[in-house]
Amino acid sequence: MKTLHEQITDVIAEEPVALFMKGTPQMVMCGNSLRALQALHGAGAPITTVDILPDPRIRQELSAISGWPTIPQVFVKGELIGGADITEELYASGELQAKLDEALGSEHSQEVKVVTLELG
Amino acid sequence: MEAEAIRALLAGAFPDAAEVDVVDRTGGGDHFQVTVTSPAFDGLSLIDQHRLVNDALAEPLRDGSIHELRIKTKGTA
């Protein structure tokens, strides 16, 4: 089995848009995670979510990798975009949509999926 | 944690700030909205601007004194 660190870096590297959040799109457990999710959804992004709540090690590993202390965290094509505030601001200004088109092409999918990390 | 303590940390990190505002969103001392306007942000991307604020508040973020943080940054240029 891959380590938690490897699983997280895999998600960041391989998913077009990764959202590390509290809860899932079906059951969001935090207002800021909801704001980030809604901004991404509004921008028409494909969204791959990872719930950080099942184990505190997920958040520790993630923040060690990203250098970003808070949740949620949004990555586009492996690059940290920011948390809820930045994602909302970029959505409101239209920059998020432009970034998605540039990174993923204008015909990208809008699929939402959930990745569950395996905890050792 | 008092909003004033956060304001002091931010004022120390951004001595040239034109504005440092901290709102305790819930009154519970752990959900904060901070607004900083500073020339330190001029020319920086939003994510780098927010990184500076996160760095200034690294200790209360790490020890859990701040449970939720909303950030609004503005340059002065």
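G75(B) counts as partly exposed because 14 C-beta neighbours lie inside 10 Å of this residue; a residue is buried if 20 or more other C-beta atoms, placed from the backbone, lie within 10 Å of its own, exposed if 12 or fewer, and partly exposed in between. This is a predicted model, in which local features need pLDDT of at least 70 and side-chain atom pairs count only at pLDDT 80 or more, while totals for chains, interfaces and linings use all residues. Residues are numbered from 1 along each chain as its sequence is written, and chains are lettered from A and ligands numbered from 1 in the order in which they are written.

G75(B) is found in the segment after β3 (68-74) of chain B. Leaving aside neighbours within four places in sequence, G75(B) is in contact with P39(B), F41(B) and D42(B), where contact requires C-beta atoms, placed from the backbone, within 7 Å. The C-alpha atoms of G75(B) and L46(B) are separated by 10.0 Å, and the two residues stand 29 apart along the chain.

Chain A has five helices and seven strands, which follow the pattern α-β-β-β-α-β-α-β-β-α-α-β along the sequence. Helices (H or I, at least four residues) and strands (E, at least two) are DSSP runs, numbered from the N terminus. Of the 120 residues of chain A, 39% count as buried. Among contacts in this chain between residues at least 6 apart in sequence, 69% join residues at least 24 apart.

The largest nonpolar core holds 31 residues, of which A18(A), L19(A), F20(A), A36(A) and L40(A) touch the most other members. Such a core is a set of buried Ala, Val, Leu, Ile, Met, Phe, Trp, Tyr and Cys residues joined through C-beta atoms within 7 Å. β1(A) gives the most to this core, with five residues. A second, separate core of 12 residues includes F14(B), V34(B), L57(B) and L69(B). In soluble globular proteins, nonpolar side chains tend to be buried together.

Two helices of chain A complete the picture. α2(A) and α4(A) pack at an angle of about 25°, with their axes 8 Å apart; axes are lines fitted to C-alpha atoms, for helices over the stretch in contact, and angles run from 0 to 180 degrees between N-to-C directions. The two helices α2(A) and α4(A) are therefore roughly parallel to each other, as angles under 35 degrees count as roughly parallel. Residues making the contact include A36(A) and L40(A) of α2(A) and T87(A) and Y91(A) of α4(A).

Technical notes
Contact = placed C-beta atoms within 7 Å. Parallel < 35°, antiparallel > 145°, perpendicular 65-115°, else oblique.
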